[in-house]
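Work through the exercises below with the sequence and the model open. Each task is followed by its solution.

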Amino acid sequence: MGSGKGSNFRALAEAHSLGTLGCEPVIVLSDVENAGILDLAKSFGIPGHFVSPGPFRTKMSPEAEAELVRLLRKADVDFLVLAGFMRVIKEPLLQAFPGRILNIHPSLLPDFRGLEAWRQALDASVPEAGCTVHLVDAGVDTGEILGQRRVPVLPDDTAESLHERIQMAEHELYPQMVREFAEHLQQR
Ligand code: GRF
């Protein structure tokens with residue numbers, strides 16, 4: 001599920017095309033009707049659906065989240081991968097996929113939770129930034145950490161250049177973490 005341009009989804013779909021993802025992306029859901037991730041899904045031949053989020057800004061309405069669960073169950077998904085999904089996940093989804101929702105966050109968690117984490121890193125003048133793949137729980141960017149990749153913060157970095165470097169690291173880390181998670185589920 002994603003709300004944005006879908007570059008992480010592209011990395012996952014390309015890994016699947018190369019046979020290195022260890023699982024099959026079967027459905028893409030978005031809370032944003034014209035999100036790039038839905039166009040990308042189409043170009044990879046994967047069904048994509050917009051689900052209207054309802055009146056809240058930071059979460060789906062309970063009805064909308066129930067609709068997400070319905071679509072995911074209908075598609076028979078085993079686990080859910082968030083790739084730039086900008087709303088907090090609530091009980092219906094957490095209960096439907098306990099311990100089976102992954103997210104990628106553009107910081108070395110637990111540092112810099114929340115929005116524009118790369119900008120937070122730059123403002124804090126840290127020497128290193130990076131990205132984290134973690135399980136999703138009821139908090140914001142708080143679930144169990146599965147893996148991280150570090151990148152340097154360079155003296156002349158802008159928020160944009162640092163974000164770009166972190167995204168390149170994300171595109172390597174996420175397919176690898178998804179493959180490991182899929183293998184772990186198959187062994188259970
Ligand atoms: C990524 O930077 C990810 O860390 C964050 O949202 C962004 C999504 O980017 N959760 P994209 O839509 O995958 O390009």
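**Backbone exceptions**

P110 sits in the loop between β4 (101–105) and α5 (117–123); helices (H or I, at least four residues) and strands (E, at least two) are DSSP runs, numbered from the N terminus. The model is predicted, with local features needing pLDDT of at least 70 and side-chain atom pairs pLDDT 80 or more, while totals for chains, interfaces and linings use all residues. Residues are numbered from 1 along each chain as its sequence is written, and side-chain values use heavy atoms, with hydrogens and water left out.

**Exercise 1.** Find which residue is joined to P110 by a cis peptide bond.

Solution. Check omega: it is about 15° for the bond between L109 and P110, which is cis. Most residues other than glycine have a negative phi, and most peptide bonds are trans.

**Exercise 2.** Locate E116 and S125, and classify the exposure of E116 and of S125.

Solution. Step one: E116 lies in the loop between β4 and α5, and its phi is near 45°, a positive value. Step two: S125 lies in the loop between α5 and β5 (128–135), with a positive phi near 55°. Step three: apply the cut-offs for relative accessible area (buried under 20%, exposed over 50%, partly exposed in between; 1.4 Å probe, protein chains only). E116 has 37%, so E116 is partly exposed. S125 has 61% relative accessibility, so S125 is exposed.
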